[in-house]
Amino acid sequence: MSELTLTVMRLGFLAVLWLFVIVAVQVIRSDLFGTRVTQRGSRRQEARPQQSARQAAAPPQQRGQQSAGGRQRRGAPTKLVVSEGTLTGTTVALQGQTITLGRAHDSTIVLDDDYASSRHARIYPDRDGQWIVEDLGSTNGTYLDRSRLTTATPIPLGAPIRIGKTVIELRK
Amino acid sequence: MSVVTNTTTIGAIEAPSRRNTELALLAFAVVIPVFAYLNVGLAIDGKVPAGMAGYGLGLALLAGVAHLVVRKWAPYADPLLLPLATLLNGMGLVLIWRLDQSPRLIALAKRTYGAFSESAPNQMMYSAIGIAMFVGVLLLLKDHRVLQRYTYISMVVALILLLLPLVPGLGADVFGAKIWIRVGGFSIQPGEFAKLVLAIFFSGYLMVKRDALALASRRFMGLYLPRGRDLGPILTIWAISLLILVFENDLGTSLLFFGMFVIMLYVATERTSWVVMGLLMSSAGAVVVGSTASHVQSRVQAWLDPFECLKTAPAGSNMAYACDQMTQVLMSFGSGGILGTGLGQGNSDLVQFAANSDFIFATVGEELGLTGVMVFLLFYGLIIERGVRTALAARDPFGKLLAMGLSGAFALQVFVVAGGVMGLIPLTGMTMPFLAYGGSSVIANWALIGILIRISDTARRPAPAPAPNPDAEMTQVVRP
């Protein structure tokens, strides 16, 4: 075995050992700061500066199952907007996660509304990517357009969903 | 209010389990030792070593079994612990195999024992038992809090394990240190297992007693001095570790146990005074024993000035051996330089006795150089970091203390061995976790990693859905 090959292997082995350490530290880093998916989300925020401030204030909704975003169809809603009520202007990016609404502290959108129940309604995509709203047995009911929901109902784009004094809708 | 202000939804999103990351790292951790194996074979014989495929497959099989068990029974566990341990174990196998090839060591074994047997296959078997132990811990220990029930049983078991080598007929005096017992044809080092059991006792005990130890104290010269009756446990542990030191002639084990206790006391009570007292007591003990026990004395001489002591020590004496080893080890590290001589091309087998166990780090130092030594220390550091991180993330005080105690013990062991081999502290007969040849050590350390993985699985598991808020206001009803 030539001297050169052995030297290359010796140095290569040390490099591989250090590479392992670097990879391990990368894993620790992504454990600390969330996954790389989050960064892609923040790049999108820069593209829409008018909303970046609000979205930055609501980062938890953007983490997690963003891989589902890839299968969104054309014309599917991309965000949920609160158009009336105390939370007017809040947007939540729709990325395949279930959005819960209510006064409970762990809801995705915490409604500060005396007429809302703690777990009032949830909005989720079905298997085809169609967004569905479902009332969770609230006291005062959830309204889609003018009709009170009795079952899980698909949400047309732009249709107002009324919960107490709050109105939300899905937009592109 | 125009923004969503709550942040608790982080918990509601399903936490990533990181099992695929672990699998990728594991594959990497299996490939590196195979590469090293190839490296050694090419350097020594100039051809691809014969056992490479079998060895690589064996390691991959063990790693795969461990990974599947973690995936099934501890899905949220830390992704780094298993790959790091596998890598260290695999590298240990390669280094032991490399020393098996050394003509000098073969000649030495033939001269002393009349026959030479390879150590690497044995170590492979121990690794398999170690992985089995790891799997057993994960299968049997569904919740680490169960261990809390066995606090005082653990104390008794640990004491028995520690004192076993002193039982006549069972204990074996191997080269001065009495830390082995012989059962059947096997010699076992009960101290390695006592480490785990003792950590369970310390965490259970300190969890109950920490308030008394932390709060009931008087302030004196800037230090909080504990009450006399609270000093009882620390004095007992100190006495026991001194007894080990005196009767078993083992500096490392006693340092490890006392150090682990002081670390856990500090973590449990946040009182610096315990650390100060611990340091004072251990140095007092070390001075007393260092000036009386001859076995320890020769180690201290070899540490202070190995080259001078080699000249003055009477030939054939214990001290001459100790000094000779130390000089050879230092020469190994020195000739390794920054980049090392390359695997299989060093002369670290000149250390002769225990080259593949206590002094295996000298081989790393010579053949991989400073770069390799640093990377190995980083591997150990990362395991310890993940352990401490697990302790931080654990949700129950017992789990916190246990994870901290186990990683503290692991850290102390690495420090004692690496420090001893490099001449920072007197040499003690302990083994580098996972790297060195020795069944007890490998098996016990795999069990340690198993417990850490169990705690980290519990700690990183997403919290169950929160209970409905009890102080939620009543919902008003719209009356049309």
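The following legends describe close-up views of a predicted model.

**View 1. Helices H6(B) and H7(B) of chain B cross at roughly 155 degrees.** Helix H6 spans residues 151–163 of chain B and helix H7 spans residues 190–215 of chain B, and their axes come within 8 Å. Because angles over 145 degrees count as roughly antiparallel, H6(B) is roughly antiparallel to H7(B). The crossing of the two helices is left-handed. On the side of H6(B) the contact includes Met155(B), Ala158(B), Leu161(B) and Leu162(B), while H7(B) contributes residues including Phe193(B), Val197(B), Phe201(B) and Tyr205(B). Sorted by class, the residues of this contact are 13 nonpolar and 4 polar, with no charged residue.

**View 2. Helices H1(B) and H3(B) of chain B cross at roughly 10 degrees.** The axes of H1 (residues 19–44) and H3 (residues 81–100) of chain B come within 8 Å, and the crossing angle makes H1(B) roughly parallel to H3(B). Among the residues of H1(B) in the contact are Glu22(B), Leu26(B), Pro33(B) and Tyr37(B), which belong to the set that meets residues of H3(B) including Leu87(B), Met91(B), Val94(B) and Arg98(B). This contact has 15 nonpolar, 2 polar and 2 charged residues.

**View 3. In chain A, UniProt places the feature "domain: FHA" at residues 99–149.** The annotation comes from an unreviewed entry.

**View 4. The domain assignment of chain A gives domain 1 and domain 2.** Domain 1 covers residues 1–28 and domain 2 covers residues 77–169 of chain A. Taken over C-alpha atoms, the centres of these domains of chain A are separated by 54 Å.

Definitions and conventions: Residues numbered from 1 in each chain as written. Chains lettered and ligands numbered in written order. Predicted model: local features only at pLDDT ≥ 70, side-chain atom pairs only at ≥ 80, totals over all residues. Axes fitted to C-alpha atoms, helices over the stretch in contact; angles between N-to-C directions. Helix = DSSP H or I, 4+ residues; strand = E, 2+ residues; numbered from the N terminus. Parallel < 35°, antiparallel > 145°, perpendicular 65-115°, else oblique. Left-handed = near helix turned anticlockwise from the far one by under 90°. Contact = placed C-beta atoms within 7 Å. Nonpolar A, V, L, I, M, F, W, Y, C, P; charged D, E, K, R; others polar. UniProt positions renumbered as here; feature names shortened; annotations may be inferred. Domains from an automatic or database assignment.
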